[in-house]
Amino acid sequence: MNRQELAAVVRRARQRVTPGQIGLPAGRHRRVAGLRREELALLAGISVDYVVRIEQGRSTQPSAQVLTALARALRLSQDERDELFHLAGTAPPTPGTIDLHVRPSVLRLIDRFADLPVLVLSAKGDVLAWNAMASALYGDWTALRPERRNIVRLQFLPDPNDPERSRVAQSPEERANASALTVGDLRAAAARYPNDRELRRLLADLRAGSEEFTRLWDRGGASTRRSHRKTIEHPQLAPMTLDCDTLHVPDADQLVVVYSAPPGTPEHEQLALLRVIGTQNLAPTTDSAR
């Protein structure tokens, strides 16, 4: 493990990522050009103290999971990710495991969707990247622990300690259809990646914690996630039904999900307003309501 070079790589990468690239407000009195250490810690799901120790060259050896999260948060290229792993004395991810690294070109693509919410999902449903509009639509993704940033966990294993995340309005029939499609998509991923350790862990957690998931899994049948429509109940806006188009990144086996609405519709106007609102909570506080 080359602690000093690892520290330099992390510091340089942190300084070149802007808050806007990860859907965070920059603020008026920002003293650093890139991410703050606190912001990197939130994105990677590690403590600020551990970020400090890495950047000072006095950390313990980071796990592969931490290195993957750091590479994703710092928007490293695949070669830069591999360098990060080698400097930490750990072998980079091997073929046959689910790719959790989002290429910079894909990140640049979702940044261009300034007017539309966009998510990047892994083959097992991890929310790997998002733009500012996706945070405005669903809430600040950095407020969730990294292991909770998974659409299958959020659907079948709700956590009352998590910030509000379920803004999707579904009838019982829509819920049943969505659940079946999600499980079918995960079954297809399990067939493609039988040796992925984190996928096996996810499946074990779902089977242990959700009777609904277990019933659907045991019923069998694989499927592929397709474009669909979804109704979102935003706390500051009227319910909006959006088109959810799914674009496949084949060599990484990742999905880019884009939410949109036809021009001239109320939903189109609401998306324009959503860009202005951002992640602000416009509900009156106790003091202002008096």
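Which hand does the crossing of α9 and α10 have, left or right? Point 2 gives the answer.

1. **Overall picture.** This is a predicted model. The protein chain has 12 helices and 6 strands. It counts 290 residues, and 47% of them are buried. Take the contacts between residues at least 6 apart in sequence: 57% of these join residues at least 24 apart. The accessible surface is about 14,900 Å². Carbon and sulfur atoms hold 51% of that surface.

2. **Helices α9 and α10.** The crossing of these two helices is left-handed. Leu-186, Ala-189 and Ala-190 make the contact from the α9 side. From α10 come Leu-199, Leu-202, Leu-203 and Leu-206. By class, the contact has 7 nonpolar residues, with no polar and no charged ones. Two packed helices are described by the angle between their axes and the distance between the axes. Here α9 spans residues 172-192 and α10 spans residues 197-209. The angle is about 145°, and the axes lie 11 Å apart.

3. **Lys-124.** Look next at the loop between β1 (118-121) and β2 (127-130), where Lys-124 is found. Is Lys-124 buried or exposed? Lys-124 counts as buried, because its relative accessibility is 7% and the cut-off for buried is under 20%. Its side chain joins that of Asp-126 in a polar contact of 2.7 Å. Residues up to four places away in sequence aside, Lys-124 touches Ile-98, Asn-150, Val-152, Leu-186, Asp-196, Glu-198, Leu-199 and Leu-202. Among these, Leu-186 belongs to the α9 side of the helix contact in point 2. Leu-199 and Leu-202 belong to the α10 side.

4. **Helices α1 and α5.** Here is another helix pair to check. The angle between α1 and α5 is about 145°, and their axes are 9 Å apart. The crossing is left-handed. In α1, the residues that meet α5 are Glu-5, Leu-6, Val-9, Val-10 and Arg-16. In α5, their partners are Glu-80, Glu-83, Leu-84 and Leu-87. This contact has 5 nonpolar and 4 charged residues, and no polar ones.

5. **Arg-14.** Helix α1 also holds Arg-14. Arg-14 counts as buried, because its relative accessibility is 9%. The side chain of Arg-14 reaches the backbone oxygen of Leu-35 at 2.8 Å. Which residues does Arg-14 contact, its neighbours within four places in sequence left aside? They are Gly-34, Leu-35, Arg-36, Arg-37, Leu-40, Glu-55 and Leu-74. Take Arg-37: it lies 23 residues from Arg-14 along the chain, yet their C-alpha atoms are separated by 8.0 Å.

6. **Helix α3.** This helix covers residues 48-55. Its buried residues are Tyr-50, Val-51, Val-52, Ile-54 and Glu-55. Their cover includes α1 (3-16), α2 (37-44) and α4 (64-73). Glu-55 is also one of the contacts of Arg-14. After α3 comes Gly-57, with a positive phi near 70°.

7. **Helix α4.** Why is α4 described as largely enclosed by the rest of the structure? Because 7 of its 10 residues are buried. They are Val-66, Leu-67, Thr-68, Ala-69, Leu-70, Ala-71 and Ala-73. The cover over them includes α2, α3 and α5 (78-87). Arg-75 follows α4, and its phi is positive, near 60°.

How values were computed: Residues numbered from 1 in each chain as written. Predicted model: local features only at pLDDT ≥ 70, side-chain atom pairs only at ≥ 80, totals over all residues. Heavy atoms only, no water. Helix = DSSP H or I, 4+ residues; strand = E, 2+ residues; numbered from the N terminus. Buried < 20%, exposed > 50% of the residue type's maximum accessible area, 1.4 Å probe, protein only. Contact = heavy atoms within 4.5 Å. Areas by Shrake-Rupley, 256 points an atom, 1.4 Å probe, with all protein chains shown as cover. Polar contact = N/O pair within 3.5 Å; in protein donor to acceptor, adjacent residues only side chain to side chain. Axes fitted to C-alpha atoms, helices over the stretch in contact; angles between N-to-C directions. Left-handed = near helix turned anticlockwise from the far one by under 90°. Nonpolar A, V, L, I, M, F, W, Y, C, P; charged D, E, K, R; others polar.
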